[in-house]
Amino acid sequence: THLVEDYRPGYPRFTALLSAYDPYFLCRRFSKLRARLLLLKQDRLSVLEQKLEQVDHEETSPLFLGKSRCDRNSERISLLSDIESCLANYDQFAQSTYQMLSFGPPQQRDVKSLQNWLDNTGYLAREERAYLTHHRELVSLAPVGDSAIVQLEAWVEDKFIRLWRDFGKNRLHNVSNDPNVYIYSGQWIQQTARALLLLLITLLLLMPVIVCNFVGTISARIAIVMIATISYLLVVSLLTRSRTMELIMAAATYVTVIS
């Protein structure tokens, strides 16, 4: 396996770093340029539409309007050909824009990591690494995983780096020999994050039940259930990208389980 440092400084080494960790595949969506081009393509089609309507209105032969096989109006034929070409280009651009807008934002820790690496190495020109400063336009091309696990894995990794001095020397850090580069390829972080998530879920489910067993009054139990439900929804909304209806269903299920 080649290390990042096996490649020559510049784009070869930077792209080796990007290819070693999928979340580093970041790019700009160029929203303003896309909006400009979309409007221009739309206006071009509007102009062609108006011209076609005018040609149809000025047509002197009703047969040409009712039977396309007999249509000999060269201007209309040319217009329809242009419309077909422009409409296909418009649809393709709209689809690619929709796809680009569907990509999620990157983790800020990944953006910061790339900025720090480039600032410390100076392998790319300042103008060519400036794309990382367009925070509102950056998107991540990496597949979207479980957001709760991703956040917990990031937290666990930060704690490992801070508290475990030899973490960077682990044999599973086999991507780079730079002591300041941490790209972990093992399972410890993922397994630790999953264990913490299971522990958190267990606590959220069982703690209200345990507390309610020590409380005798109905009003106190209702208050405990309300507090536990609010806490559960807060955790779910912070760790996941749940929609409103999903939160409502989660709350209903949670209240049913602990009641």
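Visitor: What does buried mean here?

Guide: Buried means under 20% relative accessible area, and exposed means over 50%. This is a predicted model. In it, Arg129 has a relative accessible area of 16%, so Arg129 is buried.

Visitor: What share of the protein chain counts as buried?

Guide: Of its 259 residues, 30% count as buried. The accessible surface of the chain is about 17,900 Å², and carbon and sulfur atoms hold 58% of that surface.

Visitor: Which elements make up the chain, and in what order?

Guide: There are 9 helices and 2 strands. Read from the N terminus, the order is α-β-α-α-α-α-β-α-α-α-α. Among contacts with a separation of 6 or more, 68% link residues 24 or more positions apart.

Visitor: How should I read a salt bridge, and how many does the structure hold?

Guide: Side chains of opposite charge can pair when their charged atoms come close. The structure holds 4 salt bridges. One of them joins Arg28 and Glu137, with the closest N and O atoms 2.8 Å apart. Arg28 lies in strand β1 (residues 26-28) and Glu137 in the loop between α5 and β2 (138-140), so this pair ties together parts 109 residues apart in sequence.

Visitor: Are Arg28 and Glu137 buried or partly exposed?

Guide: Arg28 counts as partly exposed because its relative accessibility is 22%. Glu137 has 14%, so Glu137 counts as buried.

Visitor: Where do Arg76 and Glu59 lie?

Guide: Their side chains meet in a salt bridge at 2.8 Å, N to O. Arg76 lies in helix α4 (residues 74-102) and Glu59 in the loop between α2 (31-58) and α3 (62-66), so the pair ties together parts 17 residues apart in sequence. Arg76 is buried at 5% relative accessible area, and Glu59 counts as buried at 15%.

Visitor: What does Arg129 pair with?

Guide: Arg129 meets Asp119 in a salt bridge of 3.5 Å, N to O. Asp119 lies in helix α5 and Arg129 in the loop between α5 and β2, so the pair ties together parts 10 residues apart in sequence. Elsewhere, salt bridges with shared partners join Asp56, Glu59 and Arg76 into one network.

Visitor: Which residues have the most contacts inside the largest nonpolar core?

Guide: That core has 17 residues, and those with the most contacts inside it are Phe14, Leu17, Leu114 and Leu132. Two or more residues come from each of α1 (11-19) and α5 (108-121). The largest share, 4 residues, is from α5. A second, separate core of 6 residues includes Ile149, Leu152, Val156 and Ile189.

Conventions:
Residues numbered from 1 in each chain as written. Predicted model: local features only at pLDDT ≥ 70, side-chain atom pairs only at ≥ 80, totals over all residues. Heavy atoms only, no water. Core = buried A, V, L, I, M, F, W, Y, C linked by side-chain atoms within 4.5 Å. Buried < 20%, exposed > 50% of the residue type's maximum accessible area, 1.4 Å probe, protein only. Contact = heavy atoms within 4.5 Å. Areas by Shrake-Rupley, 256 points an atom, 1.4 Å probe, with all protein chains shown as cover.
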